[in-house]
Amino acid sequence: AKKASKSSVQFYSQELKEASQRIIELENALQSAITNHEFELFLQPMLDLTSGTILKAEALLRWNRLDGERIGPDEFIPIAEQTGLIVPIGKWVISRACEMISTLNHRGYSCKLSVNLSPRQISDRHLLEFIRGSIQNSHILPNQLELELTEGVLVDNYDKVQYLLTEVRKLGVSVSIDDFGTGYSSLSYLKKLPIDHIKIDRSFVQDLVSDENDKAIILAIIAMAHSLKLNVIAEGVETELQRNFLQLNHCNLAQGYLFSRPLPFAQFCDYLSASPTQ
Ligand code: C2E
Ligand code: CA
Ligand code: CA
Ligand code: CA
């Protein structure tokens, strides 16, 4: 038994070593990923459930490494966050999203794009100026850009967030609460902060049809949001049954594989041109 436990400890430390080597490798590679043009923004449409038109899309970051390896945001965003690299990467995301909006405008589509903000970006003093500059440089309307923040970001940096959101609202940029329902339970921020939309987390939508509790939670979120004059977006909609339930219960927008996976820009344009006009 002694021998076995020793070898399992060795095995464990071997795994740890490999995991930390991987993190160090990705950390190094991330340093030069922007200059090497390894990042790409995919777009996932959000549909208006009443009209079926695409009003906006979420920008989701993809990392295509020079050696051909594709790494998902769930693996590299936490590393970028820890090392602070998320600040320049997040700026790249914002300016690229503004460029895409501008290109869409030139092609005759008035589509909004939302970008995800990490906690670390909120602490960046230059963020607000950067957003203002990106909007100006690309000649888009400020209300075509939206920001997605999770509940955790709001609560951890309350004062900074309050200042930032008030200022971005003055610019005309709108704000969504992402992954709603998975973070802190205090809801007081909803009436204190200038928020426009709530995105219901995928975990509630997933079993919506079979799970009475998830149904009740979704109905409560929609009712609360609407009484606070907030729009509701359901994430992770994969089936017609989910869509019908959401539509029937006055959820405003839906996003998920049922409509489309996140798409490269060119394919997103094709998708837009084939869908009902706005
Ligand atoms: P998120 O903001 O909650 O984004 C939604 C995620 O759900 C995306 O994963 C999307 O591909 C996935 N998804 C959408 N519809 C469905 C569906 O019907 N079923 C299922 N199973 N999944 C669906 P993705 O692109 O892998 O992104 C993961 C997370 O990485 C995002 O979660 C976000 O937290 C983070 N992320 C992505 N891009 C950025 C970025 O530019 N900046 C920051 N800070 N974080 C980002
Ligand atoms: Ca999001
Ligand atoms: Ca989300
Ligand atoms: Ca999520």
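Predicted model: local features only at pLDDT ≥ 70, side-chain atom pairs only at ≥ 80, totals over all residues.
**Entry 1**

I then checked the burial of D178: its relative accessible area is 7%, so D178 counts as buried.

**Entry 1: calcium ion (ligand 3)**

I listed the donors of the calcium ion (ligand 3). They are an OD atom of D178, an OD atom of D179 and two entries for OE of E235, at 2.0 to 2.8 Å. Along the sequence I read the donor spacing as D-D-x55-E. D179 sits in strand β6 (residues 174-180), while E235 is in the loop between β8 (231-234) and α11 (240-248), so this pair ties together parts 56 residues apart in sequence. I compared accessibility for the two residues. D179 has 24% relative accessibility and is classed as partly exposed. E235 has a relative accessible area of 10% and is buried.

**Entry 2: calcium ion (ligand 2)**

Next I took the calcium ion (ligand 2). Its donors are E58 (OE), N116 (OD1), E148 (OE) and D178 (OD), at 2.2 to 2.3 Å. I noted their sequence spacing as E-x57-N-x31-E-x29-D. N116 belongs to strand β4 (residues 112-116) and D178 to strand β6, so the pair links parts that are 62 residues apart in sequence. I looked up N116 as well, and at 31% relative accessibility N116 is partly exposed.

**Entry 3: S174 in strand β6**

I stayed on strand β6, where D179 lies, and moved to S174, which is also found in strand β6. Is S174 buried or exposed? S174 is buried, with a relative accessible area of 12%. I checked the side chain of S174 for partners and found a polar contact of 3.3 Å to the side chain of E146. Leaving out residues up to four places away in sequence, S174 touches L145, E146, L147, D196 and H197.

Methods: Residues numbered from 1 in each chain as written. Chains lettered and ligands numbered in written order. Heavy atoms only, no water. Donors = N, O, S within 2.8 Å, 3.2 Å for Na, K, Ca; no water. Helix = DSSP H or I, 4+ residues; strand = E, 2+ residues; numbered from the N terminus. Buried < 20%, exposed > 50% of the residue type's maximum accessible area, 1.4 Å probe, protein only. Polar contact = N/O pair within 3.5 Å; in protein donor to acceptor, adjacent residues only side chain to side chain. Contact = heavy atoms within 4.5 Å.
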